[in-house]
Amino acid sequence: HYNTREWAIRQSLFFKPADTLNAYLLADNERYLRNQPYISDARLMILNADAYSDSVDVLVVTKDEYEYGADISNLTATDVAARVYNNNVLGAAQKLQAGFLWNKNFQPQWGSEFEYSKFNFAGSFTDVSLGYTALNNHDPLDTGVYEGSYYLDIERPLYTSFAQFTG
């Protein structure tokens, strides 16, 4: 197990040194951190907040989620589908996933998928995934015929109500 790197967590903070403290923003940031697939729990605590100081320290404490996983979505005599993944490769907030499908009634009977994802790409709060699938799990763009496809998925969710833009 690789612990999430400090730089990856710093990139996921909504504030920088010398910013004005906003309790609502800190609460939103805790929620955002907990929603990451590689973090189980997060707390942001204010330290050194006395009446005679114009600054505070913020302690960020996170608990990692176990990053390895597998799932079997179908398991019958004529149909098997499974995936293995790592949600925090090298502690760098990135995901690798590989999967396969076998169905006796399909032609071809075997399909596979591979995906790489980078969460919060370059501190932009944008998740980027690229991959290949032949599992018929992405809608066809034109002909209605499912084929192997390469894809690039860029997603910037509404990560905080203080965000300037999403998309």
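1. A salt bridge, as the term is used here, is a side-chain nitrogen of Lys or Arg within 4 Å of a carboxyl oxygen of Asp or Glu. With that in hand, take Glu30 and Arg34: their closest N and O atoms are 2.7 Å apart, so this pair forms a salt bridge. Please keep in mind as you read that this is a predicted model.

2. Let us stay with Glu30 and Arg34 for a moment. The two are 4 residues apart in helix H2, which means that about one helical turn separates them. Is Glu30 buried or exposed? Its relative accessibility is 15%, so Glu30 counts as buried. Arg34, on the other hand, is partly exposed, at a relative accessible area of 30%.

3. Asp28 and Arg31 form a salt bridge in which the closest N and O atoms are 3.2 Å apart. Both residues lie in helix H2 (residues 23-34), where 3 residues, about one turn of the helix, lie between their positions. Asp28 is buried, with a relative accessible area of 14%, while Arg31 is partly exposed at 32%.

4. The side chains of Asp41 and Arg43 meet in a salt bridge, at 3.5 Å from N to O. Asp41 is partly exposed, with a relative accessible area of 28%, and Arg43 is partly exposed too, at 39%. Which residues does the network of salt bridges link? Glu30, Arg34, Asp41 and Arg43 are linked in it. Across the whole structure, the search finds 6 salt bridges.

5. The link from S5 to S6 is a hairpin through 6 residues.

6. Why is S5 described as largely enclosed by the rest of the structure? The reason is that 7 of its 10 residues are buried. Gln94 belongs to this strand, which covers residues 94-103. With a relative accessible area of 14%, Gln94 is buried, because buried means under 20%. Setting aside neighbours within four places in sequence, Gln94 is in contact with Asn86, Asn87, Asn88, Val89, Tyr116, Ser117, Lys118 and Phe119. As for Lys95, it lies over the face of Tyr85, at 5.9 Å from the ring centre.

7. The aromatic residues deserve a point of their own. A pair of aromatic rings is described by the distance of the centres and the angle of the planes. The count for this structure comes to 11 aromatic pairs. Among them, Trp102 and Trp110 form a tilted pair, 6.4 Å centre to centre with 50 degrees between the planes.

8. Tyr132 and Tyr150 make another tilted aromatic pair, with 4.9 Å from centre to centre and 50 degrees between the planes. This pair links distant parts of the chain: Tyr132 is in strand S7 (residues 127-133) and Tyr150 in strand S8 (residues 149-155), 18 residues apart. Tyr132 counts as partly exposed at 25% relative accessibility, and Tyr150 as exposed at 72%. Elsewhere, ring pairs join Phe14, Tyr32, Phe125 and Tyr159 into a cluster.

9. What is the C-alpha to C-alpha distance between Ile46 and Val58? It is 4.7 Å, although the two residues are 12 apart in sequence. Beyond its neighbours within four places in sequence, Ile46 is in contact with Leu21, Leu26, Val56 and Asp57. Ile46 is partly exposed, with a relative accessible area of 40%.

Technical notes: Residues numbered from 1 in each chain as written. Predicted model: local features only at pLDDT ≥ 70, side-chain atom pairs only at ≥ 80, totals over all residues. Heavy atoms only, no water. Buried < 20%, exposed > 50% of the residue type's maximum accessible area, 1.4 Å probe, protein only. Contact = heavy atoms within 4.5 Å. Pairing = 2+ DSSP bridges. Phe/Tyr/Trp six-rings, centres within 6.5 Å; stacked < 30°, edge-to-face > 60°. Lys NZ or Arg CZ within 6 Å of the ring centre and 35° of its normal.
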